Amino acid sequence: MTTLFLARHGETVWHADHRYAGIADVELNENGLREAEALALWAKDARLDAIYSSTLSRAVLTAEPSARATGKTVETDPDLMEVAFGVGEGKTLDELRPEYAAEVDAFVATPAESVLPGGEKGLNGIVRYLRAFDRIEAAYPTGRVLITCHGTALRLTLCALLGIDPNRYRDLMPVVQNCAVTALDYTAGAARLYAFNVPADAAAHRY
């Protein structure tokens, strides 16, 4: 099995207002850069064989300190991008409701299947992530790999791997902390979960 360490990117300039980022290339803020450095302190002694990242800059910038700490190169994969939120990107649900009330209600009720106008189904995001995981497993069949990725797609994919209805991801996994570590063994579309949402400074080297 391949051991995957999944870490949501650091905090961005849109986080304070709970704005959807999706595939918009939003920058890390000062706190996000500090969080990436904290993740690198964990990565330094985590015996990593590789580091992968979404192609979005907030994920790449999160991965780069860990790459410097370990002497690895960041491998980017577009399949690891966040789910696209269409007209929701850069906005809050409250800002969307006046114009898209029905669409917002459906998106809240069944977020894996319903989309905001111009967006991507969460189910499609799961397909992308598992495709990326399969490639990583093929390259590192017994390796330890850090992946810097995105909160919604991460939770959707975990639900799929653990046999949970992905539409329940918000209820069961309401928060994914920036740069926290989720650890799992992965092979052939199946996973064993060892840790979820553990702050990097608390994760130490137990996995």
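Predicted model: local features only at pLDDT ≥ 70, side-chain atom pairs only at ≥ 80, totals over all residues.

**From the pocket to the sheet and its helices**

In the lining of the largest pocket, the largest share comes from H5, which supplies 3 residues. Helix H5 covers residues 151–161, and both H5 and helix H6 (169–172) each contribute at least two residues to the lining of the largest pocket. The volume of this pocket is about 560 Å³. Its lining comprises 22 residues, and those nearest the centre are Arg 8, Arg 19, Tyr 20, Thr 152 and Arg 155. Sorted by class, the lining of the largest pocket holds 9 nonpolar, 7 polar and 6 charged residues.

Helix H5 also meets another helix. The axis of H4, which spans residues 122–139, comes within 9 Å of the axis of H5, and the two cross at roughly 80 degrees. An angle from 65 to 115 degrees counts as roughly perpendicular, and H4 is therefore roughly perpendicular to H5. On the side of H4, the contact is formed by Gly 122, Gly 125, Ile 126, Tyr 129, Leu 130 and Phe 133. On the side of H5, Ala 153, Leu 154, Leu 156, Thr 157, Ala 160 and Leu 161 take part. The residues of this contact comprise 9 nonpolar and 3 polar ones, with no charged residue.

The strands may be considered next. An open sheet is formed by 6 strands in the order S3-S2-S4-S1-S5-S6, and their pairing is mixed. At its edges lie strand S3 (74–76) and strand S6 (190–198), each of which pairs on one side only. On average, neighbouring strands of this sheet are turned by 25 degrees against each other, direction ignored. Strands of a sheet pair through backbone hydrogen bonds, in either a parallel or an antiparallel manner. Strand S1 (residues 2–8) and strand S4 (residues 144–149) run parallel and are joined by 6 bridges. Opposite Phe 5 stands Leu 146 in S4.

Helix H2 (residues 57–70) lies across S1, strand S2 (50–53), S3 and S4, and runs at about 170 degrees to S2. Helix H4 packs on the sheet as well, touching S1, S2, S4 and strand S5 (181–187). The direction of H4 makes about 70 degrees with that of S5.

There remain the cavities. How many cavities of 30 Å³ or more does a search of the whole structure find? The search finds 2 of them. The largest cavity has a volume of about 60 Å³. It is lined by 13 residues, and Val 83, Phe 85, Phe 107, Pro 111 and Glu 120 lie nearest its centre. By class, the lining of the largest cavity is made up of 9 nonpolar, 3 polar and 1 charged.

How values were computed: Residues numbered from 1 in each chain as written. Heavy atoms only, no water. 1 Å grid on protein atoms, 1.4 Å probe; cavity = no way out; pocket = protein on both sides within 12 Å on 5 of 7 lines; lining within 4 Å. Points joined across faces, edges and corners; volume = space filled by probe spheres on them. Helix = DSSP H or I, 4+ residues; strand = E, 2+ residues; numbered from the N terminus. Nonpolar A, V, L, I, M, F, W, Y, C, P; charged D, E, K, R; others polar. Axes fitted to C-alpha atoms, helices over the stretch in contact; angles between N-to-C directions. Parallel < 35°, antiparallel > 145°, perpendicular 65-115°, else oblique. Contact = heavy atoms within 4.5 Å. Pairing = 2+ DSSP bridges.
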